[in-house]
Amino acid sequence: MWCPEAGKPVIKFNHCQRSIYGFSVPERCPLCQQSVHWRKLEEAPVSISNPFTNGHREKCSFLLRPTQGTFLRDYDGRSDLHVGITNTNGVVYNYTIQGVHRDEAGWEQSVSIPLLQPNMYGLMDQWDKYLEDFSNSGAWLPHRYEEDHCNCYSYTLTFINCVLSTEGQERLDKNDFTEKYVLPRTRKVSKYITLYRAIEEHGFHVTDSPQPEASTP
Ligand SMILES: [Zn+2]
């Protein structure tokens, strides 16, 4: 479902043997100016799945967002990212130089990675208590913060590792976590942002021939 914080919905349709992306279906094809009607199913508009979710609606998830601004407006592929973890009510726990924050707003345009596998749902009952106790431990006081070693990543990763070890699973180091979870998402986000901004600038965006694309009818 579309939520305003996630930007405008992007749709794709095929015409003139091209894939055309826009924020709405135009009455005329921007390439040939013919009025568009969908005689063939493969030409019909589909919506492109949006990589963002409202983090405050996610339970027990790892969230990423730019430290400054939002993905769609400000992210350039290299911007610093801030990370946090949601409790079962969508409160986002995150660690900065001021200590642990419990945010009830500000994570509306996030990338979300669920941390509970279907076989771990027993943990959900304990989750809020674990997260609260973990955050109150002396390790995350403001004066312990260090840009390179003791930051928002180490806070979330240490929590994830506590959960994993409770479940008898192997710990992740920062590189494993980044490779496995973070990079695939930020790559997808960068692609989507490029497309989104091209539509904002030109009204539509065209690519050669229909190409396979993650989409939902
Ligand atoms: Zn056309």
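This is a predicted model: local features need pLDDT of at least 70, side-chain atom pairs count only at pLDDT 80 or more; totals for chains, interfaces and linings use all residues.

1. A word on burial before the details: buried means under 20% relative accessible area, exposed over 50%, and partly exposed in between (1.4 Å probe, protein chains only).

2. Residues are numbered from 1 along each chain as its sequence is written, and side-chain values use heavy atoms, leaving out hydrogens and water.

3. Ser112 sits in strand β8 (residues 111-114); strands are DSSP E runs of at least two residues, numbered from the N terminus. Its side chain makes a polar contact with that of Glu58 at 3.5 Å. For such a contact, N or O atoms lie within 3.5 Å, one able to donate a hydrogen and the other to accept it.

4. Now the metal: His15 (ND1), Cys16 (SG), Cys29 (SG) and Cys32 (SG) coordinate the zinc ion at 1.9 to 2.4 Å. Donors here are N, O and S atoms within 2.8 Å of the metal (3.2 Å for Na, K and Ca). The site is tetrahedral, with angles of 101 to 125° among the four donor atoms; the criterion is four donors with all angles between 85 and 135 degrees.

5. The donor spacing in sequence reads H-C-x12-C-x2-C. His15, in strand β1 (residues 11-15), and Cys32, in the loop between β2 (18-22) and β3 (46-48), are 17 residues apart. His15 is buried at 11% relative accessibility, whereas Cys32 is partly exposed at 28%.

How values were computed. Four donors count as tetrahedral if all angles lie between 85 and 135 degrees; four count as square planar and six as octahedral if opposite donors are over 155 degrees apart and all others between 65 and 115; anything else is irregular. Helices (H or I, at least four residues) and strands (E, at least two) are DSSP runs, numbered from the N terminus.
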